[in-house]
Structures are given as structure tokens and as C-alpha cells.
Amino acid sequence: MHLYVWGKSRGLPRPYPLEWHLIDAAAGATALWHMHLTLGARRQIATELGMNDADSARLVALLAGLHDIGKAIPCFQQQWPKPGTTGWLAHDEATHLALPTLLGLSDDGLLTADVAYRIGQLLGGHHGVYYSPRERDVEQPVRRVANLGEQEWHAIRSDVTSSVRSVLDNPRLPETIPAPVAVVLSGVVIVADWLSSNEDFIHRQLEHAPEELEARYGYTVPAMGTEITQAGLNRPEFVERISTQGVWGFAPSVLQRSIIDELIPHVNGPGLLVITDSTGTGKTEAGLLAAHALGQATGRSGLYAGLPTMATANEMRTRLTEYSSATAVPPIPVTLAHSMAAFQPAYSADVTVSAWLRPLKRTLLAGISVGTIDQALLAALAARHNMLRLHGLMNKTLIVDEAHAYDPFMQALLARLLSWCGRLGVPVVLLSATLPQPVSRNLVRAYLSGAGSHLKEELDLPYPGWAFVTASGNLVQPSTTTVSTMATEGARTARLCHHPHRRSGSARQEILRGFVERVSRQGGCLAVLCNTVASAQHTYTALKTEAPDDVELILLHARFPLHERETITTNLTGRFGKYGVGNNTRPAKAIVVATQILEQSLDVDFDRIVSEIAPIAWLIQRLGRCQRHPLPQWHEEYQRPSWCPVPTVDVLDPVDESADPPVPPEWGEIYPPFEMVATHRVLTERDPTLEVPTDVNPLVQQVHAATSGTSDSQLQQLWDEQFSQNRAQHQQAALVRVPEPDQVDDLARMTEPEVTEADVSTRLGVDTVRVIPQYTSSDGRQWLDAAHTRPWPTQRPNSDTINQLIDHSIPCPGNWVDELELQPQSTWSRTPTLRDARVLPAPTYGSLTVDPELGLVRHTKGHT
């Protein structure tokens with residue numbers, strides 16, 4: 001053994017031999033294969049490799065057991081020259097370069113280049129980025145690359161490789177390793193490396209593990225099993241069958257019964273399911289019923305739910321935790337995957353979620369995880385560690401909620417992700433209340449292209465209803481009788497009342513004044529939904545001058561300090577939600593002014609809604625927050641006011657087709673002007689009465705059907721502009737997304753050119769920065785709050801002060817920060833959470849004011 005060749009040293013009493021680390025990693029991969037990978041993922045990998053389960057397990061152990069072979073080179077062992085200087089060779093690239101020669105000799109002495117080089121690339125990417133083969137490496141023996149060392153070092157690497165292979169009973173190499181499988185295997189190797197690199201684990205190994213390699217491997221496999229369990233990486237097991245009564249305590253709706261009776265009996269493999277229905281009809285429960293059945297049929301027992309916002313993800317985590325408690329054996333914790341998860345109180349306080357799983361790159365490795373869709377889309381970006389996310393998703397059924405809620409860039413990334421899901425046999429469930437047919441058909445085509453098939457008949461998605469497309473292209477749908485029954489069960493009359501008005505003048509305020517008077521005289525809970533934070537602040541300020549003291553007025557938007565926003569949100573869900581919380585009773589007279597946060601993120605119920613005009617799909621979404629629940633059942637003393645006989649959205653419409661632009665410019669930056677104008681025309685031409693769900697889909701399709709072209713010159717111009725913008729976003733996506741799974745001839749294409757989340761968000765104009773207000777008292781001391789009760793931390797932040805700073809932070813557009821040249825705190829440079837945050841002198845600095853009632857306000861030309 002070459003025990004003097006070391007592999008680990010940081011935090012250890014003495015250097016840890018490379019061979020020991022490699023054997024530890026091999027043992028970790030073995031334990032991961034049997035305890036972490038789902039049975040369906042194992043079957044998929046074994047089938048693609050042309051091997052049985054046992055041989056596949058040994059191969060995976062071999063890959064992990066050789067991942068750091070590149071540390072057996074002079075510059076790593078001597079730690080000289082310094083990294084990044086001439087003569088230095090990173091050990092992951094050294095692994096990439098050395099392995100083809102170490103593995104490539106067949107019985108007749110010929111180089112089996114395809115598999116050998118694929119393994120070299122696979123393992124060279126164990127730090128999250130793949131290397132490209134070099135021409136000279138292919139043409140001559142790799143051991144002659146100067147920085148790898150000469151024959152002496154090649155001999156050491158050969159001995160270590162032989163030792164690892166011998167311990168693992170000389171696993172045979174497959175004839176081919178398809179690129180999609182190689183990517184997923186890279187993810188397994190990364191996890192095995194992380195587990196075996198844990199300092200506490202290595203300390204225990206130094207104390208207890210045998211030195212002889214074969215005995216060490218035998219000891220370490222069960223030891224790694226313990227590590228996997230403590231990390232929360234065990235694959236989830238669920239009861240064989242579930243029911244709405246058993247999980248949620250109620251009888252199934254027609255939609256849910258259809259999933260049980262008409263879908264589940266036909267599920268015998270992977271596929272993509274689309275469920276469409278109006279809001280508040282139990283789509284989430286229907287999706288979970290289907291996901292459970294798909295997971296059972298495919299052996300992908302894990303689950304990831306991707307949602308459009310952090311708030312919706314937080315809410316869904318609560319529901320999935322309840323789902324896990326009722327269905328998983330034993331119940332397992334649910335990880336939360338978004339950038340602010342560490343500051344979500346319920347999640348940070350959940351001791352059942354291991355510390356190992358909490359970093360964002362690891363959350364998708366949990367058996368059940370929920371987060372923003374971005375965390376899943378990173379698997380489709382040429383971003384570092386995308387192979388880790390693909391590995392996590394391969395163990396799961398993927399649920400995408402609010403599938404209509406994504407812009408063309410994200411839709412393009414989602415389509416590419418779905419093609420990889422199709423290739424890897426991952427079942428997918430898409431949920432939407434307002435999914436346009438062209439979008440649903442494009443996503444289905446993407447999934448089937450990855451699966452290597454096509455749809456065998458035209459997809460005409462019923463509404464309400466569902467469609468399941470198998471990986472082979474077959475279509476399963478509910479009967480026409482069931483679709484008719486679904487529409488009847490959820491039928492209700494609603495109204496979209498159109499209120500056109502001039503942009504300037506008092507017409508808008510007159511309309512709102514009428515609603516204030518109704519609330520004041522007759523009672524009721526009204527929501528006013530605005531398209532921008534500035535509009536919400538202006539509307540709230542104007543309503544304050546109109547509303548009498550007995551009408552409660554509440555403002556909610558994203559530009560409050562985080563702790564204030566959470567307080568407001570908790571208040572809203574408690575008082576306007578289905579059940580109420582504690583002593584939070586539904587107010588008799590209230591007006592809530594809010595941005596789009598209200599339409600997706602919160603399960604709240606209002607008697608009537610006033611909304612600024614938005615694309616028809618979003619207006620339908622907002623309608624779903626109006627008379628959402630049978631309130632007298634939960635609020636016995638509260639009755640709907642007489643002026644709210646049916647669910648109604650009153651649409652404030654300042655669209656002026658004679659103006660240029662026809663849509664207020666700040667609204668056009670949020671929603672496509674073409675869809676706004678098309679929605680304006682629909683509302684102008686139709687009766688306000690709306691039969692839900694019968695009229696919902698035709699309305700949505702009517703707007704989107706116009707995108708095929710129109711004879712109206714103005715609408716055509718707007719469509720051309722939107723088409724150009726959509727095309728530009730698709731082109732941006734093409735620059736940063738990974739190739740189609742069957743077009744990956746070189747693994748380096750998966751991470752080349754490497755992009756980051758920040759790169760992508762900035763490219764799309766979603767450049768958001770957190771500012772942290774800093775108040776200064778008369779004596780010169782600095783504070784986190786306006787009341788001067790929380791001192792401003794001056795030392796390098798610890799976990800407590802990080803939480804305090806984030807709690808007081810406010811998101812705002814990056815260009816605001818750039819214009820004011822705000823700077824970060826010098827002591828934050830080594831704290832990733834705060835590194836990009838900026839200090840904002842408060843309460844007023846330049847054009848920005850932190851108002852205790854309105855939140856962060858920007859003043860332009862003397863106005864808010």
C-alpha cells in the first residue's frame with residue numbers, strides 16, 4: 001500500500017492516506033446504491049449500462065473509489081507550486097487526464113477509448129464542472145502529460161487503481177456509458193465524496209477502521225450506512241395505496257376520483273401528466289395522488305414540488321410535511337429549496353431536517369423536497385453541479401405547480417428539463433389553472449423527445465380535466481362524461497366587471513371611492529390588487545384619505561423588511577384564510593391592498609376583488625381568491641355582504657389603444673403588452689358574467705390564439721414585438737441551457753460555458769439586491785431599526801446577527817442600488833448570505849425612503 005500518498009489533511013491530526021479515502025468513497029457509493037438510490041433509478045442505470053444490479057453497484061463503487069486518483073501527482077502531494085500558478089494541475093483535472101490510461105487496457109492490450117475517456121470525464125467532473133479532452137491526450141498516453149509526473153507517478157496511480165479494483169472484486173467495465181447516465185453517476189460520486197470527506201467521519205475512521213484495505217471496505221460500508229441515515233439520505237418508502245380520506249380526511253372530488261379510477265389503473269411506467277382546473281378545486285391533492293401512483297409504478301419514490309415563488313413553496317412545505325406524515329413509512333422530513341429557506345421560521349426550527357441536507361445544492365437529494373422551480377431548472381442550466389441536481393431528480397417524481405406562471409425564458413428551460421426527465425424515466429406532473437394549449441403541447445413534446453418517442457394522437461387538453469402521456473407516446477384521458485361531471489361539480493357563476501378609465505384624472509379614484517363607501521356602509525372584505533409596488537403604495541395612500549376609521553386598511557408587497565412582511569402575511573392568512581388562527585377573527589370591514597403576492601402565494605378569501613388589468617390568465621387566478629371558501633362554515637358570525645352576491649373581480653382598465661404605448665409602461669415591463677391589449681378587447685366585448693369552469697379555458701385560449709396573427713395593425717405590431725421578445729428569451733435560454741440528452745457527445749457541454757444563477761437573473765432583468773436599512777441616532781450610534789433598539793453589528797456576523805440582518809433586509813431592483821452607489825459592509829465579504837447585500841442609510845437616502853407604513857419607497861420627480 002502507498003500510505004505515504006495522502007488524500008486528506010485539513011482538520012486532521014495527521015494526513016489521511018489517499019487509498020483510505022478512495023476506499024471510504026467506494027464504500028459510500030455502495031451504501032448509496034442500496035440505501036439512497038430509488039429502485040427505479042437503479043433499474044434505469046443498470047439497463048443503460050447493459051449490466052445487472054450487482055455489477056452496476058460494483059461499477060458505481062469503482063467510480064467513487066477512483067475519483068481522487070488525480071491526487072497522486074507531484075504538485076498535489078507537495079502542495080507546490082501554488083494553485084493557479086504555472087506548473088499547478090488541479091487534482092480533478094488530473095483524474096480526468098490519468099484515468100483513460102489507467103482503465104483503458106483491454107485483455108489484448110488495446111485502448112478502449114470510448115468508455116475509458118467517458119469515465120475520465122465523468123470523474124474529472126466531481127467538483128461540479130467537466131473538462132474537455134485535449135487532442136494530444138487522445139493521440140498519446142496520458143501519463144506523459146508533464147504535470148502528472150513521469151513513470152514513477154504513473155506506477156503509483158496504477159498500483160492504487162489495482163488495489164481499489166481488487167477490493168471491489170475487479171468490477172467489469174460496461175461496453176458503453178451513455179452520456180445521460182454518466183451525468184447522473186457523476187452526481188452519485190459527488191455525494192459519496194462529500195460523505196467520505198466529512199472531518200468527523202474521518203476522525204472516526206482513523207480511530208476505528210482497519211488499515212488493511214479489504215477489511216476497511218467491509219467495515220466502512222455499514223459505517224457509511226449510518227452516515228447516510230443521519231444525513232437524511234435514505235430513499236423514502238410509502239404505503240402502497242393512498243386515499244383522500246386517509247391522507248386529508250375528506251372524500252375525493254370528481255377530479256380526484258377520476259385520477260384514482262381512470263388514470264392510476266393505466267399507470268405502469270413513466271410519463272407526463274397535465275392537470276388543469278380552476279383555482280381552489282383540489283389540483284394539489286389530485287397531483288399528489290397521481291405522483292404517488294407514478295412513483296410506485298416507476299420505482300421513483302422521491303418527490304420534488306417546484307413552485308413559482310418562495311411564499312408558495314413555504315406553504316407547500318407545510319402540506320407536504322402533512323403528506324409525509326400520512327403516507328411515508330416512516331415519515332421523513334421535507335427539505336425547502338430556495339435562497340431564503342434558512343430564514344423561514346418553521347423550516348429553520350424543524351430539527352428533523354439534518355444540517356447536511358440544508359445547503360441549497362443538497363436539498364434536492366432529500367426523499368421529499370419542495371422549493372421554487374428555479375432550483376429544479378438549474379439542472380437544465382450549464383451551471384456548476386447541475387449533475388448533482390439531475391441525480392437528485394432522477395430519484396423522484398417531479399411536480400411543477402402553476403405551470404402557466406413562467407416567462408418564455410423559464411419555459412424554454414423547463415422544456416429542456418422535461419426532455420432530460422423523459423430520457424431518465426422521471427415521471428412529471430404539471431398543474432395549472434390557466435395553461436394555454438400551445439404551452440402544454442410544447443412541454444409534452446419536450447418530454448417525449450427526451451424519451452425518444454412522439455405523441456401518437458393530437459393532444460386536446462380537457463378543461464377541467466387531465467391528460468397523461470406515456471413515455472412511449474400513448475395518451476390517456478378521462479371520459480367525456482367525467483369531464484362534464486367535473487365542470488358541473490365545480491360550477492359557479494362569477495363576474496369580471498370591466499371598468500375602463502383614463503390614466504390621468506380622477507376616474508380611477510372615483511371607482512375606488514365607490515368601493516370604500518360600500519365597505520363602510522355594508523361591511524365586507526375587499527382586496528385591491530396592483531401590478532407594481534409603487535401602484536400599491538400610491539393606492540393605499542389614496543384610500544387612507546377615503547376610508548373611515550372603522551374600515552381596516554392593510555398593505556402587503558415585497559418591499560417591506562422581511563420580518564414585517566412575514567408579520568403582515570401571517571396576519572392575512574390568519575384572518576382571511578379558511579380556518580382562522582387563534583383569536584384572529586375575520587374583520588367585519590377591511591380593505592387589503594397588495595401586489596401579485598396575494599394571487600399565488602396565500603390561501604386567502606375575500607368577498608370581492610378589485611384588480612388592475614392583467615392578462616386574462618392572471619385575472620382568472622385572482623378570481624380564485626374571491627369567495628374561495630364556504631365561510632359561514634368556518635366563521636359563524638360572518639356573512640357575505642349583499643353587494644357581493646357572486647365572486648367578482650372588478651378590473652381597472654387604463655388601456656388606451658390610441659396611445660403609444662397603449663399600456664402603462666411600468667405595467668408593460670411586467671406583463672406582455674400584447675396580452676394586456678388582447679385581454680382589454682375581450683373584456684370590452686363580452687358580458688361580465690362568467691361561468692366557472694366552463695368559460696375559463698375558452699377565455700384563456702381566446703387571448704393566446706391571437707398570437708398566431710391578427711389583421712389588426714396595432715395588435716399585429718404588439719404581437720410582433722412580443723414575438724421578438726419571446727424569441728430573444730428563447731435565444732438567451734439556448735445560450736445557457738444544457739444540450740438535449742441525446743446530443744451530449746462530450747460531457748464538457750453540460751457545464752460549458754459555465755453560468756451562475758446571478759448571470760441568468762441579471763441577463764433577464766431580474767436583478768434584485770437586498771438593502772439593509774441603517775439608522776443613525778443623534779449620538780452617532782448606528783441601529784438596525786428606526787426605534788433604535790437593535791444595535792448595528794460591526795463585527796464579522798455570526799449566525800444570530802446574520803438572521804437579524806436578513807430579517808431587516810428589503811429586496812429592490814439592482815439599478816436602484818447602482819444609481820445611489822450603495823456599498824456592502826466590509827465585514828460581510830466572507831459571509832455568502834450577505835456578500836451582495838448593501839447598506840442603505842435610513843430613513844431617507846437619495847431617492848429612497850424606508851417608510852414605516854409603506855415600506856421601501858422610491859421618489860421620482862417629486863412623486864412616490
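## Close-up views of a predicted model

**View 1. Salt bridges within and between elements.** The structure holds 31 salt bridges, a salt bridge being a side-chain nitrogen of Lys or Arg within 4 Å of a carboxyl oxygen of Asp or Glu. The model is predicted, so that local features need pLDDT of at least 70 and side-chain atom pairs count only at pLDDT 80 or more, whereas totals for chains, interfaces and linings use all residues. Residues are numbered from 1 along each chain as its sequence is written, and side-chain values use heavy atoms, with hydrogens and water left out. In one of these bridges the side chains of Arg 204 and Glu 227 meet at 2.5 Å, N to O. Because Arg 204 belongs to helix H10 (residues 199-208) and Glu 227 to helix H11 (residues 213-231), the pair ties together parts that are 23 residues apart in sequence; helices (H or I, at least four residues) and strands (E, at least two) are DSSP runs, numbered from the N terminus. Arg 204 is partly exposed at 37% relative accessibility, while Glu 227, at 11%, counts as buried; buried means under 20% relative accessible area, exposed over 50% and partly exposed in between, with a 1.4 Å probe and protein chains only.

View 2. Asp 605 and Arg 586 form a salt bridge whose closest N and O atoms are 3.3 Å apart. Asp 605 lies in the loop between helix H26 (597-600) and strand S15 (608-612), and Arg 586 in the loop between helix H25 (562-576) and S14, so the bridge ties together parts that are 19 residues apart in sequence. Both Asp 605 and Arg 586 are buried. Arg 749 and Asp 745 also form a salt bridge, with 3.7 Å between the closest N and O atoms; here Arg 749 is partly exposed, with a relative accessible area of 36%, and Asp 745 is exposed, with 59%. Elsewhere, salt bridges that share partners join Arg 586, Asp 605, Asp 607 and Arg 640 into one network.

**View 3. Strand S14 between its parallel partners.** Strand S14 (residues 589-594) is mostly covered, as 5 of its 6 residues are buried. S14 pairs in the parallel sense with strand S12 (residues 524-529) over 6 bridges and with strand S13 (residues 552-556) over 5 bridges, two strands being paired if DSSP finds at least two bridges between them. Lys 589 of S14 is the bridge partner of Gly 524, and Val 592 of S14 that of Ile 554.

**View 4. The nonpolar cores.** The largest nonpolar core has 134 residues, of which Ile 45, Leu 195, Leu 233, Leu 398 and Leu 417 touch the most other members; a nonpolar core is a set of buried Ala, Val, Leu, Ile, Met, Phe, Trp, Tyr and Cys residues joined through side-chain atoms within 4.5 Å. Helix H9 (residues 179-196) gives the most to this core, with 12 residues. Apart from this core lies another, of 71 residues, among them Val 519, Leu 526, Val 593 and Val 677. Leaving aside its neighbours within four places in sequence, Ile 45 is in contact (heavy atoms within 4.5 Å) with residues including Trp 33, Val 181, Leu 185 and Met 394.

View 5. An open sheet of mixed pairing is formed by 8 strands in the order S5-S6-S4-S7-S8-S3-S9-S10. Strand S5 (334-337) and strand S10 (475-476) stand at the edges, each with a single partner strand, so one side of each is left without a neighbour in the sheet. Strand S4 (residues 302-307) and strand S6 (residues 368-372) pair in the parallel sense over 5 bridges, with Ala 305 standing opposite Val 370 in S6. H20 packs on the sheet, touching strand S3 (271-276), strand S7 (396-400) and strand S8 (428-432), and its direction makes about 155° with that of S7. H21 lies across S3, S8 and strand S9 (465-470) and runs at about 165° to S3. Helix H20 (residues 408-424) and helix H21 (residues 437-451) pack at an angle of about 35°, with their axes 6 Å apart, where axes are lines fitted to C-alpha atoms, for helices over the stretch in contact, and angles run from 0 to 180 degrees between N-to-C directions.
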